[in-house]
Amino acid sequence: MNSFKQSLEEMEELAGFLAEDIENVQRVISFAEENNLEMDFEVHAKAETCEESAEHSPVTLDQIVKTLVFIGEKPVAVLCPGSQRVDTEKLEDILDTDVRMADPDEVKEATGYPIGAVSPFDLEIPVLMEESLLEEDLLRPAAGSRAVGAEITPEELTKVTDRQIDVKD
């Protein structure tokens, strides 16, 4: 096991945060095991944004995967690079329906995960992946927590997606 140092205050914050998220992280671990996904996990300081997550870990903003939930006729998850925005008009054309970003309660209801910790794993809604993610060697989506990420190859990540699309803004 690799280690990292944290101050007492940082460790108290991390321990409290992980206590809230442990069921979600375990959900991702179980899903990975059941589906033979090859991934590692990275624990980092709590991050509220993709930019903060990139500052706290050895991945670039383009390698961080945002799992965004949109509401149309039914909820759908869209995976996109941390540096990009989803063009809702493109998404509407692909889905052939009007869409809007889900609010925090809708995200939790549709995925079981809180905003900022939504993992693309173990979702019961369609998962679409921005095709530009395939250009990276390694990706890092959330693993059910704003302090835990999953390191996975694009090829492994495609195993949990329904299709790849071009929706970057």
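Predicted model: local features only at pLDDT ≥ 70, side-chain atom pairs only at ≥ 80, totals over all residues.
## The largest pocket

Let's start with the open space in the structure. The largest pocket holds about 480 Å³ of space. Its lining is made up of 27 residues, and those closest to the centre are C50, K66, T67, G116 and A117. Which element gives the largest share? That is β2, with six residues.

What kinds of residues line the pocket? The lining divides into 15 nonpolar residues, seven polar ones and five charged ones.

## T111, a buried threonine

Now look for T111 in helix α4, which covers residues 104-111. With a relative accessibility of 4%, T111 counts as buried because that value is under the 20% cut-off.

What does the side chain of T111 reach? It comes to 2.7 Å from the backbone oxygen of V107. A polar atom of the T111 side chain also lies 3.0 Å from the backbone nitrogen of Y113. Leaving aside residues up to four places away in sequence, T111 touches R27, V69, V118, L123 and I125.

A disulfide would need the sulfur atoms to be within 2.5 Å. By this rule, the count of disulfides is zero.

Are these cysteines buried or exposed? C50 counts as buried at 15% relative accessibility, and C80 is buried too, with a relative accessible area of 2%.

## Two loop residues with positive phi

Finally, turn to the backbone. Most residues other than glycine have a negative phi. N36 is not a glycine, yet its phi is positive, at about 50°. You can find N36 in the loop between α1 (8-34) and β1 (40-43). N36 is exposed, with a relative accessible area of 61%.

D96 also has a positive phi without being a glycine, with a value near 60°. Where does D96 sit? D96 is in the loop between α3 (88-95) and β4 (100-101). Its relative accessible area is 66%, so D96 counts as exposed.

Note on methods: Residues numbered from 1 in each chain as written. Heavy atoms only, no water. 1 Å grid on protein atoms, 1.4 Å probe; cavity = no way out; pocket = protein on both sides within 12 Å on 5 of 7 lines; lining within 4 Å. Points joined across faces, edges and corners; volume = space filled by probe spheres on them. Helix = DSSP H or I, 4+ residues; strand = E, 2+ residues; numbered from the N terminus. Nonpolar A, V, L, I, M, F, W, Y, C, P; charged D, E, K, R; others polar. Buried < 20%, exposed > 50% of the residue type's maximum accessible area, 1.4 Å probe, protein only. Polar contact = N/O pair within 3.5 Å; in protein donor to acceptor, adjacent residues only side chain to side chain. Contact = heavy atoms within 4.5 Å.
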